[in-house]
Protein chains: 4
Amino acid sequence: MIIVMIPTATQTEIEQVISRVTGAGLKVHVSEGKLRTIIGLIGEKKLMAQLPLEAMAGVEKTISVTAGYKLVSREFKNEDSVIDVGGVLVGGPQLTVMAGPCAVESRDQLLESAGIVKAAGAQFLRGGAYKPRTSPYSFQGLEEKGLEMLAEAGAATGLKIVTEVVDIQSVAVVGAYADVLQIGARNMQNFQLLKAVGKSGMPVLLKRGIAATINEWLHAAEYVMSEGNYNVMFCERGIRTFEDYTRNTLDLSAVAALKNLSHLPVIVDPSHGTGLWKLVRPMARAAVAGGADGLMIEVHPNPSEALSDGSQSLTPANFRGLMNEIRAIAPVVGRRMA
Amino acid sequence: MIIVMIPTATQTEIEQVISRVTGAGLKVHVSEGKLRTIIGLIGEKKLMAQLPLEAMAGVEKTISVTAGYKLVSREFKNEDSVIDVGGVLVGGPQLTVMAGPCAVESRDQLLESAGIVKAAGAQFLRGGAYKPRTSPYSFQGLEEKGLEMLAEAGAATGLKIVTEVVDIQSVAVVGAYADVLQIGARNMQNFQLLKAVGKSGMPVLLKRGIAATINEWLHAAEYVMSEGNYNVMFCERGIRTFEDYTRNTLDLSAVAALKNLSHLPVIVDPSHGTGLWKLVRPMARAAVAGGADGLMIEVHPNPSEALSDGSQSLTPANFRGLMNEIRAIAPVVGRRMA
Amino acid sequence: MIIVMIPTATQTEIEQVISRVTGAGLKVHVSEGKLRTIIGLIGEKKLMAQLPLEAMAGVEKTISVTAGYKLVSREFKNEDSVIDVGGVLVGGPQLTVMAGPCAVESRDQLLESAGIVKAAGAQFLRGGAYKPRTSPYSFQGLEEKGLEMLAEAGAATGLKIVTEVVDIQSVAVVGAYADVLQIGARNMQNFQLLKAVGKSGMPVLLKRGIAATINEWLHAAEYVMSEGNYNVMFCERGIRTFEDYTRNTLDLSAVAALKNLSHLPVIVDPSHGTGLWKLVRPMARAAVAGGADGLMIEVHPNPSEALSDGSQSLTPANFRGLMNEIRAIAPVVGRRMA
Amino acid sequence: MIIVMIPTATQTEIEQVISRVTGAGLKVHVSEGKLRTIIGLIGEKKLMAQLPLEAMAGVEKTISVTAGYKLVSREFKNEDSVIDVGGVLVGGPQLTVMAGPCAVESRDQLLESAGIVKAAGAQFLRGGAYKPRTSPYSFQGLEEKGLEMLAEAGAATGLKIVTEVVDIQSVAVVGAYADVLQIGARNMQNFQLLKAVGKSGMPVLLKRGIAATINEWLHAAEYVMSEGNYNVMFCERGIRTFEDYTRNTLDLSAVAALKNLSHLPVIVDPSHGTGLWKLVRPMARAAVAGGADGLMIEVHPNPSEALSDGSQSLTPANFRGLMNEIRAIAPVVGRRMA
């Protein structure tokens with residue numbers, strides 16, 4: 001951490017800061033600049049975090065120079081992590097495709113969807129059984145009944161199941177039916193839930209919060225990993241910006257950023273990321289070309305019948321077209337399809 | 001809801017949309033414009049929400065014209081709601097002041113803080129016992145021990161206690177010690193938690209999510225109210241924007257916006273809203289002048305010793321100065337101080 | 001400037017950076033931390049700005065610790081600047097009120113408006129003669145004809161005139177009729193225009209760009225001042241965020257921030273800042289309570305007839321009500337009204 | 001346009017609105033809903049724009065349903081526009097690559113850069129002669145001297161020249177040396193400049209403003225086209241969001257959005273879009289896979305010597321690697337390289 005003093009800081013103020021910092025067990029490097037004095041701190045980040053330096057006389061600001069996470073970082077583990085989900089490897093040379101409807105609506109719809117995405121080459125079936133919704137009066141999901149349908153569809157097709165947990169209670173329930181626990185965007189900083197999925201030991205798909213910085217997202221993954229669960233996958237799904245043509249702004253640069261900073265796999269969800277089915281296919285191609293380890297795509301047998309998010313679901317034909325396109329792009333980035 | 005057709009929509013496409021909509025039990029008003037046809041929908045919002053109209057051929061977009069909330073609205077209840085917290089009224093002619101340290105650090109610190117804010121005229125003591133933190137390695141609060149200290153400080157001073165709940169489990173625990181359950185910004189769309197505090201029946205302080213629109217915030221309050229708990233107070237605490245000089249951008253216009261749209265009281269937290277103690281006092285004055293029902297202010301007996309958020313806490317002297325200023329502003333906006 | 005090296009930087013890489021920096025005439029302070037080496041640079045900012053340090057091997061990032069502006073800063077001039085606009089002082093103990101219609105529509109409308117705002121206590125008449133509009137097909141203003149009307153209204157009432165310049169050509173034209181040259185939000189970083197108004201020597205009202213940080217805004221003022229023109233006033237008019245209930249998000253915390261960082265006066269425009277006339281009055285009160293030096297308010301004799309921005313203009317009666325309110329708040333913040 | 005009345009609007013208020021609208025020469029469709037009345041307007045957009053309906057009694061809000069642009073739209077021209085820049089076609093089956101240093105620094109640097117990017121397959125040389133900079137004290141470009149160097153490098157290599165115009169004066173000067181006039185992000189809504197490049201008739205590269213919506217960007221292009229100049233290319237270069245890891249957030253979904261809404265070509269600039277050379281290559285691949293018509297890439301013979309933006313420039317070797325990658329991706333999206 002760096003402490004920047006104001007230009008008019010007195011020698012006494014500088015000394016009080018130094019004394020406070022060294023009293024907390026940290027070392028300092030003092031640099032007297034042309035305009036102002038700068039004090040570098042050396043030692044445990046934890047100790048620094050507890051010093052309210054900006055409230056001390058003569059301090060203009062403090063600047064943090066090191067990250068507050070460790071286990072998620074490339075410095076902790078240099079080679080890419082490959083997550084084994086019941087034999088399907090995420091993060092290795094093979095691209096991962098998770099597909100299916102936004103919400104589980106009925107047994108028929110789900111089995112039909114599962115058949116379609118399996119035939120097109122997906123390895124995972126997605127579908128919400130618990131649906132967080134802005135309004136309390138919107139459809140909230142089929143809950144455990146939906147989980148049963150997901151498990152049945154998984155057993156029938158061999159697809160792995162990824163579905164959302166919405167609170168600590170649901171972790172055990174979902175864990176009994178699914179292969180991957182999904183943390184939704186609204187819960188990315190629900191730290192109690194992060195600890196609970198951490199304790200579960202199950203693979204976790206951690207969606208980015210709608211206004212989360214990459215730095216906060218890495219810290220959220222650290223919450224899971226600090227419970228001893230190293231099976232974490234990131235999922236970029238768009239951030240909230242001023243642009244309102246798209247539902248969110250899909251931040252594809254986050255993929256390469258995460259791959260530089262962390263060893264964990266990164267999945268991209270262009271369906272929620274754009275909210276417009278016409279943009280899903282180009283953005284899915286872009287995600288693969290940009291280095292993503294996989295895709296999460298909404299596919300619906302009949303989009304105009306979908307109970308939620310119909311306008312962002314691909315038709316089966318569009319999904320098959322997309323699969324062919326990414327099959328062609330994959331080798332350019334050193335990947336292959338299942 | 002309004003359906004805007006593309007300019008080249010065929011008569012068949014228009015008829016298919018109309019047929020789909022009327023088939024779902026809704027009525028339509030068709031308006032054939034110069035450039036395009038527009039279809040207005042009349043009926044239950046719930047039915048409309050389940051129609052994936054944007055996926056139908058010929059549809060350009062849909063536009064929602066009515067809100068998805070009801071109980072929170074001025075249309076449901078025209079006069080201002082006044083929340084009774086153990087005899088202290090929030091939302092009436094008297095301004096509410098909640099003050100105290102960011103986190104409960106120790107019994108001494110808390111009792112000292114409580115004495116200071118009580119003497120200066122506050123009616124509520126704030127202080128976090130459970131602290132959601134970006135990094136798992138940061139100080140996470142004293143938890144139930146902290147709650148005991150809060151209750152003791154409340155008993156000693158007569159101050160009401162407002163403190164955060166972080167998960168469903170904590171609702172009963174916090175409820176046993178506190179007078180108001182605070183929902184933090186990160187949990188504004190933790191719908192399970194909203195329902196849980198709704199069921200508790202206790203007064204709820206609902207902080208705005210860091211990237212929540214006013215519309216989403218109103219819906220979050222609707223979650224609480226739809227469980228039968230009408231004792232909800234909003235708390236504006238800044239939103240995330242591109243500006244990085246301040247910790248957040250305190251959106252004071254949300255106060256007047258909420259007062260127009262809803263009957264519920266609105267509190268403003270300029271401490272988290274700006275993150276800089278030098279800005280707290282001017283923004284607190286501005287909040288009162290702008291129509292807020294009250295303030296939530298971080299005060300610390302000795303800011304440079306605070307375990308968290310030191311740089312945004314006021315000193316006791318600054319807090320007393322602020323109280324004098326808002327005492328003078330209050331009558332201009334038809335309010336008075338305790 | 002601080003250079004943060006990666007944890008695995010070699011001694012050679014560190015030495016190459018130091019050699020590059022010292023070769024450019026700068027001094028360094030090297031601090032070898034527990035995890036990484038940090039190099040502080042001392043010397044002319046201009047020299048630092050030209051070193052592409054982040055492209056050098058072993059460098060993780062650079063952090064700037066000092067501002068790129070000088071003349072606008074409190075460090076350059078500690079006491080508040082008071083701008084003399086033909087005898088009307090902006091930035092001193094007396095609050096400044098600029099009011100009038102969004103656009104000059106006709107001679108009658110303007111003279112009527114001028115009479116209304118003068119009678120209510122305003123010192124300045126605002127009104128656009130050149131109107132930058134998103135669409136080329138929208139009303140673009142009466143141009144020089146509008147300027148003549150403004151000058152006539154000014155002469156008739158004694159009000160000072162503030163109106164926008166939109167390009168270098170318009171500087172001399174507007175300067176012949178107006179007392180203050182306004183730089184609109186879209187031109188805040190039109191550096192050629194900033195230099196031109198700098199050279200004019202006339203008082204300048206510098207509106208904040210829709211996505212400008214406070215830091216960029218200060219630099220824009222520095223462009224004007226670096227041409228020798230010290231008569232600069234800031235005008236906060238809202239920033240673009242994700243919130244769409246209001247037209248912009250009025251960032252009142254920028255007022256106190258600017259007053260801390262700079263000696264120049266700060267005006268607040270709640271009309272453009274909110275876009276909703278119901279929010280103008282509370283936000284104008286809030287601005288004064290928060291320390292603004294003045295207000296810019298849209299007033300229209302008959303808002304429902306306005307050619308642009310009708311929904312954000314106050315009626316004469318509302319404007320008079322507002323003036324009474326701020327007259328009552330002014331003394332609390334050490335101000336008085338004309 | 002749709003007018004949404006408040007639920008409690010009286011019959012008189014509704015009739016006043018209708019009378020006002022029909023009095024202005026527009027037709028209406030009135031739809032009396034369950035909760036509120038909605039009035040649809042039919043007629044000239046220009047007439048609607050001048051009615052300040054939101055200030056009328058009983059009006060809750062108005063909603064615009066049609067765009068304010070025409071010439072840029074797919075509805076005006078369905079097939080893709082191909083811009084002929086001295087024989088090099090932009091927007092057709094062949095991908096366009098514009099590359100070169102951020103700023104023209106010296107004759108040697110520029111000629112070396114031109115040779116490198118030409119050899120690697122670029123068709124355009126980029127390089128700033130006029131550099132808009134946040135601080136007045138930063139390097140502002142070599143101006144006309146730099147233009148001469150660009151023209152010389154173009155003549156020597158056969159590369160077309162694209163460089164920025166910063167004000168109306170510079171249009172003729174730049175036009176004498178360059179093949180494409182670039183409008184920088186800060187000038188996207190400098191409407192006088194847009195009209196000036198419109199009148200020039202020369203090909204225009206229109207960068208997106210840092211906080212411009214896609215809708216505003218389309219309107220900016222309409223300004224150029226409404227002067228009779230149809231040779232407009234969009235350039236996505238990142239928007240400003242809360243994320244601070246990257247310099248901007250490159251919005252690749254804007255590419256597919258623009259291709260749906262407009263017939264004009266779209267270029268992507270991942271160098272400014274990310275600000276980090278490590279992210280440039282993956283995002284350039286992503287842009288091509290996502291349907292961009294071309295790329296604008298900063299390449300510097302020796303990035304650590306660059307006067308500006310060094311950390312986002314590719315080395316020659318990295319640029320050649322990138323060209324090979326996009327050559328492989330191009331056929332997947334129906335494109336080919338020069």
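Residues are numbered from 1 along each chain as its sequence is written, with chains lettered from A and ligands numbered from 1 in the order in which they are written. In this predicted model local features need pLDDT of at least 70, side-chain atom pairs count only at pLDDT 80 or more, and totals for chains, interfaces and linings use all residues, while side-chain values use heavy atoms, without hydrogens and water.

**Exercise 1.** Describe the interface of chain D and chain B.

Step 1. Count the residues in contact (heavy atoms within 4.5 Å): chain D supplies 25 residues and chain B 24 residues.

Step 2. Take the buried area, which is the accessible area (1.4 Å probe) that two parts lose on being put together, summed over both. The value is about 1,900 Å², 65% of it on carbon and sulfur atoms.

Step 3. Search for salt bridges (a side-chain nitrogen of Lys or Arg within 4 Å of a carboxyl oxygen of Asp or Glu). The rule finds one across this interface: D:Arg36 with B:Glu75, where the closest N and O atoms are 4.0 Å apart.

Step 4. Assign elements, where helices (H or I, at least four residues) and strands (E, at least two) are DSSP runs numbered from the N terminus. On the side of chain D that touches chain B, two or more residues each come from strand 1 (2-5), strand 2 (27-32), strand 3 (37-42) and strand 4 (59-63) of chain D. Strand 2 of chain D gives the most, with four residues.

**Exercise 2.** Decide how far helix 8 of chain B is covered, and by what.

Step 1. Apply the burial classes: buried is under 20% relative accessible area, exposed over 50%, partly exposed in between (1.4 Å probe, protein chains only). In helix 8 (residues 253-261) of chain B, seven of nine residues are buried, among them B:Val255, B:Leu258 and B:Lys259.

Step 2. List the partners. The buried residues pack against helix 7 (214-225), strand 12 (232-236) and strand 13 (266-268) of chain B, and against helix 9 (270-274) and helix 10 (277-289) of chain C.

**Exercise 3.** Examine two salt bridges, B:Glu325 with B:Arg285 and C:Arg74 with C:Asp80.

Step 1. In the B:Glu325–B:Arg285 pair the closest N and O atoms are 3.3 Å apart. B:Glu325 is in helix 11 (residues 316-329) of chain B and B:Arg285 in helix 10 (residues 277-289) of chain B, so the pair ties together parts 40 residues apart in sequence.

Step 2. B:Glu325 counts as buried at 15% relative accessibility, and B:Arg285 is buried at 10%.

Step 3. The C:Arg74–C:Asp80 distance is 2.6 Å, N to O. C:Arg74 counts as buried at 18%, whereas C:Asp80 counts as partly exposed at 37%.
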